[in-house]
Amino acid sequence: MAAIVAPVDPPGGDPVQEPTDVKYYPSDEPVRLGLEHYNRGSYGISQRYFKDAVEKSPKDVTAWIGLAASYDKLRRFDLADQAYAQAIRLGGETVQILNDQGYSYMLRGNLSAARRKFEKAYSIDPGNPVIANNLELLNGSRRFIERPPNNQP
C-alpha cells in the first residue's frame, strides 16, 4: 500500500486566496471613473459609471451620492431624489448628503428647501467651508431674484 503524501506547497505560498484576503470591491473602478468624469464635467458619462457602481455594489453610499450628483447636473431631479433617498437609507443624513441635497434644490430654484438642507448640514458641521459658501451663494441668489411687490408685469 502506498503512503499518502500531502502535496508540496508551490513556491511563493498558497495561490488560493480566501475571500476575506481580497480587498477588491466591485464598485471601486466604476466609482473612480465616475468621479474622474464628474470632475471633468462629463456628467452623462459619470452617471453611467455611478449607475454601474450601484448595480454592482448596491450598498455603496459613495456610488449613490455620485449618481445623485450626476443626475442633478443632468437636471434629472426625479432620479437624483431617488438616489439621495437610497444613500440616506444606507448611511443616514450625513453632512455631505444634506449639502448635496441643498445644492440640488438650489439648482431647481427651490431656495426654501435648499436653505433648510444647508442649515441642517451647517448645524451638524458649523466649521465646514463648503456649507458656509453654499449658504452665502444661496443668500446672493435670494437677493438677486427677490423683487418688490409693486414690480408686477
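This is a predicted model: local features need pLDDT of at least 70, side-chain atom pairs count only at pLDDT 80 or more; totals for chains, interfaces and linings use all residues.
Residues are numbered from 1 along each chain as its sequence is written, and side-chain values use heavy atoms, with hydrogens and water left out. The protein has seven helices and zero strands, where helices (H or I, at least four residues) and strands (E, at least two) are DSSP runs numbered from the N terminus.

**Overall picture**

- Starting at the N terminus, the elements read α-α-α-α-α-α-α.
- Of the 153 residues in the protein, 33% are buried; buried means under 20% relative accessible area, exposed over 50%, and partly exposed in between, with a 1.4 Å probe and protein chains only.
- Take the contacts (heavy atoms within 4.5 Å) between residues at least 6 apart in sequence: 46% of them join residues at least 24 apart.

**α4 against α5**

- Helix α4 (residues 77-91) and helix α5 (residues 95-108) have axes that come within 11 Å and cross at roughly 165 degrees. Axes here are lines fitted to C-alpha atoms, for helices over the stretch in contact, with angles from 0 to 180 degrees between N-to-C directions.
- α4 and α5 are therefore roughly antiparallel, given that angles under 35 degrees count as roughly parallel, over 145 as roughly antiparallel, 65 to 115 as roughly perpendicular and the rest as oblique.
- The α4 and α5 crossing is left-handed, which is the label when the near helix is turned anticlockwise from the far one by less than a right angle (clockwise is right-handed).
- On the α4 side, Phe77, Asp81, Tyr84, Ala87 and Ile88 meet Ile97, Asp100, Gln101, Ser104, Leu107 and Arg108 of α5.
- Sorted by class, that contact holds six nonpolar, two polar and three charged residues. Nonpolar covers Ala, Val, Leu, Ile, Met, Phe, Trp, Tyr, Cys and Pro, charged covers Asp, Glu, Lys and Arg, and the others, Gly among them, are polar.

**α3 against α5**

- The α3 and α5 axes come within 10 Å and cross at roughly 10 degrees, which makes α3 roughly parallel to α5.
- This crossing of α3 and α5 is left-handed.
- Ile65, Asp72 and Lys73 in α3 meet α5 residues Gln96, Ile97, Asp100, Tyr103, Ser104, Leu107 and Arg108.

**The cores**

- The largest nonpolar core has 15 residues, with Trp64 and Leu67 touching the most other members. Such a core is a set of buried Ala, Val, Leu, Ile, Met, Phe, Trp, Tyr and Cys residues joined through side-chain atoms within 4.5 Å.
- Two or more residues of this core come from each of α2 (43-56), α3 (61-73) and α4, and α3 gives the most, with six.
- A second, separate core of twelve residues includes Leu111, Ala121, Leu135 and Leu138.
- Setting aside neighbours within four places in sequence, Leu67 is in contact with Gln47, Phe50, Lys51, Val54 and Ala83.

**Gln47 and Ser70**

- Gln47 belongs to helix α2 and is buried, at 15% relative accessible area.
- Not counting residues up to four places away in sequence, Gln47 touches Leu67, Ser70, Tyr71 and Leu74.
- C-alpha to C-alpha, Gln47 and Lys73 are 9.5 Å apart in space, while 26 residues apart in sequence.
- Ser70 lies in helix α3 and counts as buried at 0% relative accessibility.
- With residues up to four places away in sequence not counted, Ser70 touches Tyr38, Tyr43, Ser46, Gln47 and Phe50.
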